[in-house]
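Hi there,

Here is the structure I promised to pass on to you. Have a look at it first, and then read my notes below.

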Amino acid sequence: METWRLLDTGPRPAAENMALDEVILTARSRGEIPNTLRFLQFSPPCTLVGYHQAVEQEIRITYCREQGYHINRRLTGGGGLFWGERELGWEIYASQDDPRFAVAVEQLYERLCRGGIRGLEKLGVQAAYRPKNDIEVEGRKISGTGGTSMDGAFLFQGTLLVDFDVDAMLRALRIPTEKLKDKEIASVKERVTCLAWELGSAPPLERIKAALAEGFAEVLGVRFEPSDLTPFEEELLTRRLPYFQSDEWVYGIRRPLEQRRVLRALYKSSGGLIRVSLLVNERANHIREAFITGDFFAYPRRAILDLEARLKGAPADVEAIRHIVEEFFATGEVEIPGVTPADIMRTIQEALEKITYTRYDIHPDEMNHVFSVVKSVPDLIERGFTDTESPAPALLLPYCAKLPTCALRYEEGCLQCEGCGIGDAFSLAARYGLTPISIQNYEHLEETLERLKAAGHRIFVGSCCEPFYAKHRDDFERIGLPGILVDVDSSTCYDLGKEKDAYAGRFENQTYLKMDLLERIVRHISNGRRGQDAR
Ligand code: SF4
């Protein structure tokens, strides 16, 4: 029977663990080591972004620094992760030449996840594979996985939640503020699980590791022999560690472009969230820089960097860019599971389209604060009312923009007492004949959109923060009522360093409507409507 190395590198800081990923993958690709199963832990706790993500967009940097959490970047794609000291990581390093692993990425994920599932079974937990890359227990995720490859070797890694701290994760990662409410924390708890919750208490780590090793041995048909890092790996680790500790690695690889004059758009594909930022030279009409980030997995890992390089200097023209994107994928050498060329193109097109927003008095520094669902902003403003019989649009306003002390904070409506911007928005709605509705929570939003659609509405206008839009864009699209949303100015309790007050119930966050921008959009939509009425 084939022998693999069993390597337990114990608790280490994030930079060391990330450097070891590269070191061991390099050693495997050069044939210096056999196929390996590695167990890893993190100490101190840390947050890790996926290879294609920007730290500033995913992590509450100030909060993590205050807590002593390390911040680092993985070699693999995927989303932001919080790692407590109790969680366990497992990793498989193997040769891509091995016929057992020479399959499409998604099949490889499934095959390797089976080892983790068998290991969980040995601990008394019945788990199952959830495409594309999770292991779940009755619908709740217990292990997320991902991989990357290098010169003929691949790394496939997974997290195993042992005794998970949901609150710590919500504080450390930039998750929409709605999730900071008790109800939302409860809903996260309904979507994830850990060994401690499944078994009543967390088994000793040594038992968990032994069960996982047995599971992988059975599924892969191999035996494991415990061994340490080789002198080659130790030496390479010493050389590579400073790079993995550097800002260049942690922040530099995916630093968002300067905010000014950058056109941004995001799209939730089935392979993950795609964010596109384009720095466009409007006079010469070409793309100066393109930046594509997200929680997807790309094979090879540098594929996205190569695509960005091809877009640099390209004409700022949808058809020219479509040609570049399609040609790039047509080589067949790039695989981004769940992300199609059309998904990337759609996001780029949305970003590029923002150049035209000046027609509607939306200034360049405001363009990224306007989002649309189902249809594009120009489509909605210019052709939103082909049917003059349709009711006037509703103006949907978030409860979090209400004064925290308002008696109606958690109820629908507004007395227009001038205590906050919601009163101004109600006046705006009255001036333009719109129906204002203050939205109390996500379920209320969904019900309202369904009701408006059923009543024949063709369009809505609303306000929400960008993280909420990113998280729920696919829900808006599913419901299918076209709309334009304007960003809010907001600071979460974490941004303000008031999380303790929030948990003691003494902090109430208030967001602020961008009334001026909202009014210009409502005016343009109303003009379009009046134009339609006159025709
Ligand atoms: S304007 Fe409306 S929402 Fe704001 S405090 Fe007054 S009643 Fe409450």
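What follows is a short tour of what turned up. Please keep in mind that this is a predicted model.

Let's start with strand 2, residues 36-42. Seven of its seven residues are buried, so the strand is largely enclosed by the rest of the structure.

Which strands pair with strand 2? One partner is strand 1 (residues 2-12), which runs parallel to strand 2 over six bridges; there, Arg12 stands opposite Phe42. Another is strand 6 (residues 88-95), antiparallel to strand 2 and joined to it by five bridges, with Trp90 as the bridge partner of Phe39.

Next, an open sheet of three strands: the order is 12-13-14 and the pairing is antiparallel. Strand 12 (262-269) and strand 14 (286-294) are the edges, each pairing on one side only. On average, neighbouring strands of this sheet are turned by 20° against each other, direction ignored. Helix 13 (residues 341-353) packs on the sheet, where it touches strand 12 and strand 13, and its direction makes about 150° with that of strand 12. Strand 13 (residues 272-281) and strand 14 are joined by eight bridges, and Arg275 has Thr293 as its bridge partner.

The ligand may interest you too. The residues surrounding the ligand include Cys406, Cys414, Cys417 and Cys420, along with Lys402 and Glu418. By class, this shell has seven nonpolar, three polar and two charged residues.

Finally, some backbone details to look at. Most residues other than glycine have a negative phi, and most peptide bonds are trans. Against that background:

- Ser43 and Pro44 are joined by a cis peptide bond, with omega about 0°; Pro44 lies in the loop between strand 2 and strand 3 (46-49).
- The bond from Tyr299 to Pro300 is also cis, with omega near -5°, and Pro300 sits in the loop between strand 14 and helix 11 (303-311).
- Glu138 has a positive phi near 45°. Glu138 is in the loop between strand 8 (134-137) and strand 9 (140-150) and is exposed, at 78% relative accessible area.
- Asp151 has a positive phi of about 40°. Asp151 belongs to the loop between strand 9 and strand 10 (153-160) and is exposed, at 68% relative accessible area.

Conventions
Residues numbered from 1 in each chain as written. Predicted model: local features only at pLDDT ≥ 70, side-chain atom pairs only at ≥ 80, totals over all residues. Heavy atoms only, no water. Buried < 20%, exposed > 50% of the residue type's maximum accessible area, 1.4 Å probe, protein only. Helix = DSSP H or I, 4+ residues; strand = E, 2+ residues; numbered from the N terminus. Pairing = 2+ DSSP bridges. Near = heavy atom within 4 Å. Nonpolar A, V, L, I, M, F, W, Y, C, P; charged D, E, K, R; others polar. Axes fitted to C-alpha atoms, helices over the stretch in contact; angles between N-to-C directions. Contact = heavy atoms within 4.5 Å.
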